[in-house]
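Let's take a walk through this protein together. Have a look at the sequence and the 3D view, and then read on.

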Amino acid sequence: MKTGSFGIKIDRFIRNAEPLDDAKDIVFETVNGDIRFPLTKLAELILAFSHKGKPLKDDGPLHILFDDGSNRENPIKFVSGLRIE
């Protein structure tokens with residue numbers, strides 16, 4: 001726990017919250033503006049909340065990573081909230 005990097009696949013979290021039937025998108029709120037993904041992409045998104053055992057204080061509190069690792073070196077940073085629309 002003191003040296004690992006941790007995140008959670010967001011799809012189970014959101015599905016458990018039971019979005020309304022007409023919901024289409026997940027919107028991540030960042031200091032650089034909103035970033036939107038269709039709910040069909042939930043299985044491809046990971047919410048990262050720590051790196052090498054430390055919280056993401058400087059550019060967090062959350063990062064968004066793609067499950068395929070394609071943005072590992074350049075995650076979506078400064079994620080402070082999310083909403084379902």
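A residue is called buried when its relative accessible area is under 20%. Asp25 has a relative accessibility of 18%, so it counts as buried. What does the side chain of Asp25 make a polar contact with? Its partner is the side chain of Arg36, at 3.1 Å. Leaving aside neighbours within four places in sequence, Asp25 is also in contact with residues including Phe37, Pro38 and Ile84.

Before going further, remember that this is a predicted model. The chain has an average pLDDT of 89, and 93% of its residues score at least 70. Confidence is highest in strand S3 (residues 33-38), with a mean of 97, and lowest in strand S5 (residues 54-55), with a mean of 74.

Now turn to the largest nonpolar core, which has 13 residues. Among the members that touch the most others are Ile10, Phe28 and Leu45. Helix H1 (10-17) and strands S2 (25-30), S4 (45-51) and S7 (76-84) each give two or more residues to this core.

Finally, look for the largest pocket, which holds about 410 Å³ of space. Its lining is made of 18 residues, and Ser5, Ala48, His51, Leu65 and Arg72 lie nearest the centre. Which strand gives the most to this lining? The answer is S4, with 4 residues.

Technical notes: Residues numbered from 1 in each chain as written. Predicted model: local features only at pLDDT ≥ 70, side-chain atom pairs only at ≥ 80, totals over all residues. Heavy atoms only, no water. pLDDT = per-residue confidence, 0-100. Core = buried A, V, L, I, M, F, W, Y, C linked by side-chain atoms within 4.5 Å. Buried < 20%, exposed > 50% of the residue type's maximum accessible area, 1.4 Å probe, protein only. Polar contact = N/O pair within 3.5 Å; in protein donor to acceptor, adjacent residues only side chain to side chain. Contact = heavy atoms within 4.5 Å. 1 Å grid on protein atoms, 1.4 Å probe; cavity = no way out; pocket = protein on both sides within 12 Å on 5 of 7 lines; lining within 4 Å. Points joined across faces, edges and corners; volume = space filled by probe spheres on them.
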